[in-house]
Amino acid sequence: MAVGCSGGSLYAAVMALGIDAQSAEQATLDFWTGDLMEGYTANLRAAMTGEARFTERSGLIDDGPTLERLRSVFGDKTFADAPVPLHIVSTDLFTGEAVVHSSGRLTDAIRASLSIPMLYPPYDLDGRLLVDGAVADPLPVDVAIKEGADIILAMGFDLPTRARMRSYTQVTAHFNSLYMNNILKAAYAFHNLAHHAEVIPILPEFDRPVGAFAADQILYAIERGERTAEQQLPYLRRLLAT
């Protein structure tokens with residue numbers, strides 16, 4: 001099965017649909033381009049000065065281009081179209097509860113899980129206002145365990161932190177990275193110690209900052225992820241052979 005949250009929801013869906021790695025890489029380069037951040041600076045300034053009213057349904061980025069690109073990749077496909085069982089995690093904005101999507105349109109579930117707080121507007125789906133799945137469950141190993149997986153490849157990575165901060169937004173981003181990195185590590189440590197399943201970590205390390213919208217760093221991130229995954233292949237083969 002494939003389980004994903006936040007940006008990982010895209011790739012969980014790609015794998016579940018059986019899209020090959022080369023096509024997925026090209027789709028990534030086409031999808032994550034710098035213009036997805038268009039309007040961010042002006043909208044942030046307006047929100048900070050009070051010129052624009054910011055509510056629980058607001059975001060600093062227009063999600064129209066993202067939705068359009070999601071539809072270009074996934075069309076009207078649903079979870080039922082995936083040969084491999086697929087589960088995508090988002091978060092209820094008001095309760096903080098993790099919401100697991102296993103049916104319906106893929107585009108809706110992925111868009112909900114991609115709702116990075118403050119950047120993207122929350123996504124209204126099935127009567128709930130949903131935000132980034134990483135808010136509740138940045139490494140959803142628990143979902144895979146509940147669905148019966150006994151060998152789990154857990155892929156994640158630390159968000160970039162800063163050595164120096166020169167603005168309010170940089171300080172905020174730094175603290176958000178610390179929060180998320182600690183939650184991810186705690187989630188992995190808990191599930192690894194619980195021994196409900198064999199959890200194999202694939203946690204690539206970067207020797208340079210890689211931001212959420214750093215489109216020019218995509219190929220570098222892929223190479224690092226591939227290298228880290230290859231290190232676990234011998235152990236994975238031994239597990240699968242038993």
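L10, Y11, V14, I19, A24, A27, T28, F31, W32, V73 and F74 line the largest cavity of this predicted model, where a cavity is a set of points on a 1 Å grid over the protein atoms alone at which a 1.4 Å probe fits but cannot get out, and lining residues have an atom within 4 Å of a point. About 90 Å³ of space lies in this cavity, a volume being the space filled by probe spheres set on the grid points, which are joined across faces, edges and corners. A search of the whole structure finds one cavity of 30 Å³ or more.

The model is predicted, and local features need pLDDT of at least 70, side-chain atom pairs count only at pLDDT 80 or more, while totals for chains, interfaces and linings use all residues. Residues are numbered from 1 along each chain as its sequence is written, and side-chain values use heavy atoms, with hydrogens and water left out.

**The cavity and its helices**

Helices α1, α2 (21-31) and α4 (64-74) each supply at least two residues of the cavity lining, and the largest share, four residues, comes from α2. Helices here are DSSP runs of H or I with at least four residues, strands are runs of E with at least two, and both are numbered from the N terminus. By class, the lining of the largest cavity has 10 nonpolar residues, one polar residue and no charged residues; Ala, Val, Leu, Ile, Met, Phe, Trp, Tyr, Cys and Pro count as nonpolar, Asp, Glu, Lys and Arg as charged, and the others, Gly among them, as polar.

**The second largest pocket**

A pocket, in contrast to a cavity, is an open set of points with protein on both sides within 12 Å along at least five of seven lines. The second largest pocket has a volume of about 310 Å³, and of the 15 residues that line this pocket, the closest to its centre are D158, L159, P204, E205 and F206. Its lining divides into nine nonpolar, one polar and five charged residues.

**Aromatic rings**

A pair of aromatic rings is described by the distance of the centres and the angle of the planes. Rings of Phe, Tyr and Trp (its six-membered ring) pair if their centres lie within 6.5 Å, and planes under 30 degrees apart count as stacked, over 60 as edge-to-face and the rest as tilted. By this rule the count comes to three aromatic pairs, and two of them are set out in the table.

| Pair | Centre to centre | Angle between planes | Arrangement |
|---|---|---|---|
| F31 and W32 | 5.0 Å | 65° | edge-to-face |
| F157 and F206 | 6.0 Å | 70° | edge-to-face |

Buried means under 20% relative accessible area, exposed means over 50%, and partly exposed lies in between (1.4 Å probe, protein chains only). F157, F206 and Y220 form one aromatic cluster. The charged end of R208 sits over the ring of Y220, 3.8 Å from its centre, a description used if NZ of Lys or CZ of Arg is within 6 Å of the ring centre and within 35 degrees of the ring normal.

**Two residues with positive phi**

S6, a residue other than glycine, has a positive phi near 55°, and its place is in the loop between β1 (2-5) and α1 (7-17). At 16% relative accessibility, S6 counts as buried. M118, likewise a residue other than glycine, has a positive phi near 75° and lies in the loop between α5 (106-113) and β4 (123-125); M118 is exposed, with a relative accessible area of 51%.

**The chain as a whole**

The secondary structure of the chain comes to eight helices and seven strands, and buried residues make up 39% of its 242 residues. The C-alpha atoms fill a box of roughly 65 × 40 × 35 Å, taken along the principal axes. With 242 residues, a compact globule would have a radius of gyration near 18 Å, and the chain agrees with this at 18 Å; the radius is taken over C-alpha atoms, and the globule rule is 2.2 Å times the number of residues to the power 0.38.
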